[in-house]
Amino acid sequence: SEKPVIQAAEYEAKRQAQAVMNGTPTARETRTFDVKSGKTVAIRAKEGAVDYRFFPEPDLPPLVLNEQVRTPPPSPKTAKVKTATMMGTKKVMLTSLSPSFQNKTLGVPLE
């Protein structure tokens, strides 16, 4: 149920706002929501940045992006010109023949 999640978020928003208004710093900690009391409770303190480090997923290989992936796709206008050139036709004719034509080479709809 989403009700406890909403209650926890509302409680935490009020708790942290009150701490700011009182000038009390909020602790770096992991908290859990106690449904019976309607309050969040600290369950683990986080002393330093080491507690926030990233752990890589061991089952996933590293992601290596090649130059083609890093290059943004061409604009529809550029794709239209390139496709018309490849097909040996004018881009106006290409658009009028098939306005929803999808160039499989570029993967860009020609509009």
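Strand β1 (residues 29-34) runs antiparallel to β2, and six bridges join the two. Strands pair here if DSSP finds at least two bridges between them. Strands (E, at least two residues) and helices (H or I, at least four) are DSSP runs, numbered from the N terminus. Glu-29 has Ala-45 of β2 as its bridge partner. The two strands form a hairpin with four residues between them. In the turn, Gly-38 has a positive phi of about 75°.

## Basis and confidence

This is a predicted model: local features need pLDDT of at least 70, side-chain atom pairs count only at pLDDT 80 or more, and totals for chains, interfaces and linings use all residues. Residues are numbered from 1 along each chain as its sequence is written, and side-chain values use heavy atoms, with hydrogens and water left out.

pLDDT is the predictor's confidence in each residue, from 0 to 100. The protein chain averages 75, and 69% of the residues score at least 70. Over residues 102-111, pLDDT stays under 50. For that stretch the model has 28 contacts beyond four places in sequence. A contact means heavy atoms within 4.5 Å. Where pLDDT is low, the predicted coordinates should not be read in detail.

## The salt-bridge network

The structure holds three salt bridges. Each is a side-chain nitrogen of Lys or Arg within 4 Å of a carboxyl oxygen of Asp or Glu. Glu-12 pairs with Arg-15, with the closest N and O atoms 2.7 Å apart. Both lie in helix α1 (residues 3-22). They are three residues apart, about one turn of the helix. Glu-12 counts as buried because its relative accessibility is 15%, and buried means under 20% relative accessible area, exposed over 50%, partly exposed in between (1.4 Å probe, protein chains only). Arg-15, at 23%, counts as partly exposed.

Arg-31 also forms a salt bridge with Glu-12 (3.2 Å, N to O). This pair links distant parts of the chain: Arg-31 sits in strand β1 and Glu-12 in helix α1, 19 residues apart. Glu-29 and Arg-31 meet in another salt bridge (2.4 Å, N to O). Shared partners join Glu-12, Arg-15, Glu-29 and Arg-31 into one network. Arg-31 has a relative accessible area of 26%, so it is partly exposed. Glu-29 is partly exposed too, with 23%.

Thr-40 is found in strand β2 (residues 39-45). With a relative accessible area of 8%, Thr-40 is buried. Its side chain makes a polar contact with the side chain of Glu-12 (2.4 Å). A polar contact is a pair of N or O atoms within 3.5 Å; within protein, one must be able to donate a hydrogen and the other to accept it, and residues adjacent in sequence count only if both atoms are side-chain atoms. Not counting residues up to four places away in sequence, Thr-40 touches Ala-8, Tyr-11, Glu-12, Arg-15, Arg-31, Thr-32 and Phe-33.

Val-41 also has its place in β2. At 40% relative accessibility, Val-41 counts as partly exposed. Leaving aside neighbours within four places in sequence, Val-41 is in contact with Thr-30, Arg-31, Thr-32 and Asp-34. The C-alpha atoms of Val-41 and Thr-30 are separated by 8.5 Å, with the residues 11 apart along the chain.

## Thr-78 in helix α3

Thr-78 is found in helix α3 (residues 76-87). Its relative accessible area is 44%, so Thr-78 is partly exposed. The side chain of Thr-78 makes a polar contact with that of Ser-75 (2.9 Å).
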